[in-house]
Amino acid sequence: MTSVAAAGVSVDRVTARAFTVPTDAPERDGTAAWDSTTLVLAEVEADGVTGIGYAYGESVAAELIRSKLAEVVSRLDATAVPAAWWAMRREMRNAGVPGVCATAISAVDVAMWDLKGRLLGRSLAQLLGEVRDRVPVYGSGGFTSYSDERLQAQFAGWAADGVTACKMKVGTDPDRDPERVEAARAALGDGVELYVDANGAYERKQAIELAQVFRDQDVTWFEEPVSSDDLEGLRLLRDRAPAGMRIAAGEYGYDTWYFRRMLEAGAVDVLQADATRCLGVSGFLQAIALADAFGVPISAHTAPSLHMHVCCTAGHIAPLEWFHDHARIEAELFHGAPRIEDGTIGPDHDRPGLGLELNAERAEKYAA
């Protein structure tokens with residue numbers, strides 16, 4: 001396989017599709033509600049080998065891949081992923097990289113890395129260089145649309161899988177949040193941390209007050225207590241939060257400048273990054289380097305089948321998010337999606353690249 005890559009195999013074809021999968025129940029957080037999730041799939045072919053990549057976002061990203069990125073990436077060296085990454089960024093300059101364009105670039109970049117791994121016969125984690133062979137995960141769900149009973153059942157199930165922590169949504173009804181947090185805490189028992197995520201729903205002073213209430217309930221992670229655009233507010237929360245509570249944010253970062261500003265502001269104890277938004281695996285690796293430079297651990301936001309590979313390469317990590325929607329979708333649409341074992345997930349090195357294969361029969365019924 002190494003000789004194939006050395007010969008300079010060129011990309012022959014780039015295609016994209018979108019799949020919209022309904023949720024298994026209505027879902028809501030502090031600032032939004034939804035009943036489906038769209039996965040954008042990119043496929044990059046070279047020398048009869050196809051790499052796949054994906055991102056979560058809007059189906060229009062698939063059209064951007066077909067209309068703007070396919071021609072840019074075609075005929076490039078299939079193993080020269082940085083060349084493709086920079087070419088895509090230049091192509092999207094006038095369209096505006098942050099947002100949907102970043103989603104499209106992310107999906108293709110992931111597919112390029114997957115293709116390279118397949119050509120070389122290596123898992124993506126091996127290709128990037130592993131620090132560890134497995135990563136801890138935290139269960140993520142507990143939507144504000146759930147009854148207390150459903151929330152407790154979900155968290156109890158993850159605790160039985162050995163997860164290190166579980167995260168719930170707050171912010172829809174702030175007056176009731178402490179009651180819901182208490183119910184979640186009761187379901188977890190000893191030895192499992194409890195995280196809360198407000199998705200930027202609280203005002204600064206409200207968040208400061210609730211931080212103390214939540215800490216008294218043994219909450220150790222407060223995600224987006226205020227908007228991630230409010231770096232001064234996040235820094236205020238980080239300074240004022242009780243001992244033992246970490247402030248986390250960063251999931252809406254689309255490039256390294258976003259992460260740099262957040263870190264320079266001293267806004268977070270944990271930097272979150274999402275390879276399906278931050279320009280793919282290439283962008284996530286840059287976020288890891290920035291976080292390391294500031295001495296802050298990094299945590300991957302959602303998309304566990306993808307993020308377990310890049311998190312295996314990071315030296316200083318917080319647990320990876322095992323997001324209910326995405327874990328369910330990846331198991332539904334792909335062969336080879338990971339399962340939690342003793343609170344961790346890890347790549348199968350016998351499966352090159354991401355180790356995923358599209359389950360075409362199942363995927364077809366969700367085609368957008």
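This is a predicted model: local features need pLDDT of at least 70, side-chain atom pairs count only at pLDDT 80 or more; totals for chains, interfaces and linings use all residues.
**View 1. The salt bridge between R176 and E179.** The side chains of R176 and E179 come together in a salt bridge, with a nitrogen-to-oxygen distance of 3.8 Å. R176 is partly exposed, its relative accessibility being 27%, and E179, at a relative accessibility of 48%, likewise counts as partly exposed.

**View 2. The salt bridge between E232 and R204.** Here the side chains of E232 and R204 meet with an N to O distance of 3.9 Å. Because E232 belongs to helix 9 (residues 231–240) while R204 belongs to helix 8 (residues 204–216), the pair ties together parts that are 28 residues apart in sequence. E232 has a relative accessible area of 62% and is therefore classed as exposed, the threshold for that class being over 50%, whereas R204, with a relative accessible area of 33%, is partly exposed.

**View 3. The salt bridge between R260 and E264 in helix 10.** The side chains of R260 and E264 form a salt bridge in which nitrogen and oxygen are 3.0 Å apart. Both residues lie in helix 10 (residues 256–264), where a separation of four residues places them about one turn of the helix apart. For R260 the relative accessibility is 37%, and this residue counts as partly exposed.

View 4. For the model, the count of salt bridges comes to 23.

Technical notes
Residues are numbered from 1 along each chain as its sequence is written. Side-chain values use heavy atoms; hydrogens and water are left out. A salt bridge is a side-chain nitrogen of Lys or Arg within 4 Å of a carboxyl oxygen of Asp or Glu. Buried means under 20% relative accessible area, exposed over 50%, partly exposed in between (1.4 Å probe, protein chains only). Helices (H or I, at least four residues) and strands (E, at least two) are DSSP runs, numbered from the N terminus.
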